[in-house]
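Please read the following report alongside the sequence and the coordinates shown here.

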Amino acid sequence: MNTDDTSSGSRVEDLRAALRALADPVRADQQRAYLHSDLDHLGVRVPDLRRCVTETRRRLGARTGPEVLALAQDLWSAQEGVTKPAYDDRRAAVEILVQYAGALDAADLEAVEALLRQCRTWALVDPLAVHGAGVVALRDSTAGTVLDRWIADPDFWLRRSALLTLLPGIRAGRPDTARLIAYADALVGEREFFLRKALGWVLRETSTRDPQLVMDWLDSHGSRVAPLTRKEALRRLADGEDQNRGSGGTRPVRRGVPAFSALNPTSP
């Protein structure tokens with residue numbers, strides 16, 4: 001199980017210390033403002049944070065699902081003697097779950113859900129949904145019942161998570177087409193920016209392999225599709241004329257815009 005006899009609790013404290021050694025107060029202030037966060041921020045760069053987690057995983061070795069969840073939950077909580085959790089610790093907890101996603105199964109998604117409900121920002125929700133829960137869902141078909149519950153949850157971050165868990169299957173050429181259509185149908189009338197953007201993102205990823213499915217869905221919903229969703233969904237399709245289908249209008253869609261808003265730089 002372990003590569004050495006050091007306790008996992010000690011490794012968590014070592015990881016916290018490593019993150020604090022990389023703290024950048026200027027970046028921390030910028031990050032806190034950018035994310036509208038009420039957490040403490042250290043300002044650790046994501047590549048550096050990932051390297052710290054990778055080193056922790058190397059030292060810990062193989063872990064069971066419950067052990068991985070315990071590690072993540074330990075990091076998620078505020079450090080002893082500190083009143084407020086650190087965003088960077090929580091991002092490291094997400095990275096632990098991502099790097100150990102192969103140890104998790106559908107039964108572990110209840111614990112993942114509890115973390116998703118506390119994320120309150122795309123910067124934590126997206127990697128946990130796509131590279132954590134999404135990897136589990138691709139491997140374990142019984143996860144579908146959990147995702148079906150998420151898509152109807154009052155918390156829009158859970159609804160976003162349900163949709164984003166479909167991305168690994170889409171990218172692997174094994175899309176869950178029935179859920180994709182059902183979830184897109186469920187979200188087409190949403191007014192929340194982060195849901196409209198996510199729906200366009202998932203449709204855009206789908207369009208690289210099945211453009212007809214995307215065009216048919218846009219046609220079937222017509223003007224109910226938010227302009228933001230439509231623009232994102234059609235961004236990778238080459239035919240400019242197609243970009244007006246289902247829009248309820250004839251105005252051409254502008255090209256040359258970055259693939260995904262700077263609001264979500266972790267997304268493609």
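The model is a predicted one, and residues are numbered from 1 along each chain as its sequence is written.

**A pair of packed helices**

Two packed helices are described by the angle between their axes and the distance between the axes. Helix α11, which covers residues 177-187, packs against helix α12, which covers residues 193-207, at an angle of about 150° and with the two axes 10 Å apart. Because angles over 145 degrees count as roughly antiparallel, α11 and α12 are roughly antiparallel to each other. The crossing of these two helices, α11 and α12, is left-handed. On the α11 side the contact is made by Leu180, Ala184 and Leu187, which meet Leu195, Leu199, Val202 and Thr206 of α12. Sorted by class, the residues in this contact of α11 with α12 are 6 nonpolar and 1 polar, with no charged residues.

**Aromatic rings**

A pair of aromatic rings is described by the distance of the centres and the angle of the planes. The count of aromatic pairs comes to 4, and two of the pairs are set out in the table.

| Ring pair | Distance of centres | Angle of planes | Arrangement |
|---|---|---|---|
| Phe156 and Trp157 | 4.7 Å | 35° | tilted |
| Phe193 and Phe194 | 5.3 Å | 85° | edge-to-face |

Phe156, Trp157, Phe193 and Phe194 form one aromatic cluster. Phe194 is buried at 18% relative accessible area, whereas Phe193, at 33%, is partly exposed. The cut-off that this reasoning needs is that buried means under 20% relative accessible area.

**The buried residues of helix α6**

Which residues of helix α6 are buried? In this helix, which covers residues 109-119, they are Leu109, Ala111, Val112, Glu113, Leu115, Leu116 and Cys119. What covers these buried residues of α6 includes α4 (65-76), α5 (87-99), α7 (122-139), α8 (144-150) and α9 (156-164). Following α6 in the chain is Arg120, a residue whose phi is positive, near 60°.

Technical notes: This is a predicted model: local features need pLDDT of at least 70, side-chain atom pairs count only at pLDDT 80 or more; totals for chains, interfaces and linings use all residues. Side-chain values use heavy atoms; hydrogens and water are left out. Axes are lines fitted to C-alpha atoms, for helices over the stretch in contact, and angles run from 0 to 180 degrees between N-to-C directions. Helices (H or I, at least four residues) and strands (E, at least two) are DSSP runs, numbered from the N terminus. Angles under 35 degrees count as roughly parallel, over 145 as roughly antiparallel, 65 to 115 as roughly perpendicular and the rest as oblique. A crossing is left-handed if the near helix is turned anticlockwise from the far one by less than a right angle, and right-handed if clockwise. Contact means heavy atoms within 4.5 Å. Ala, Val, Leu, Ile, Met, Phe, Trp, Tyr, Cys and Pro count as nonpolar, Asp, Glu, Lys and Arg as charged, and the others, Gly among them, as polar. Rings of Phe, Tyr and Trp (its six-membered ring) pair if their centres lie within 6.5 Å; planes under 30 degrees apart count as stacked, over 60 as edge-to-face and the rest as tilted. Buried means under 20% relative accessible area, exposed over 50%, partly exposed in between (1.4 Å probe, protein chains only).
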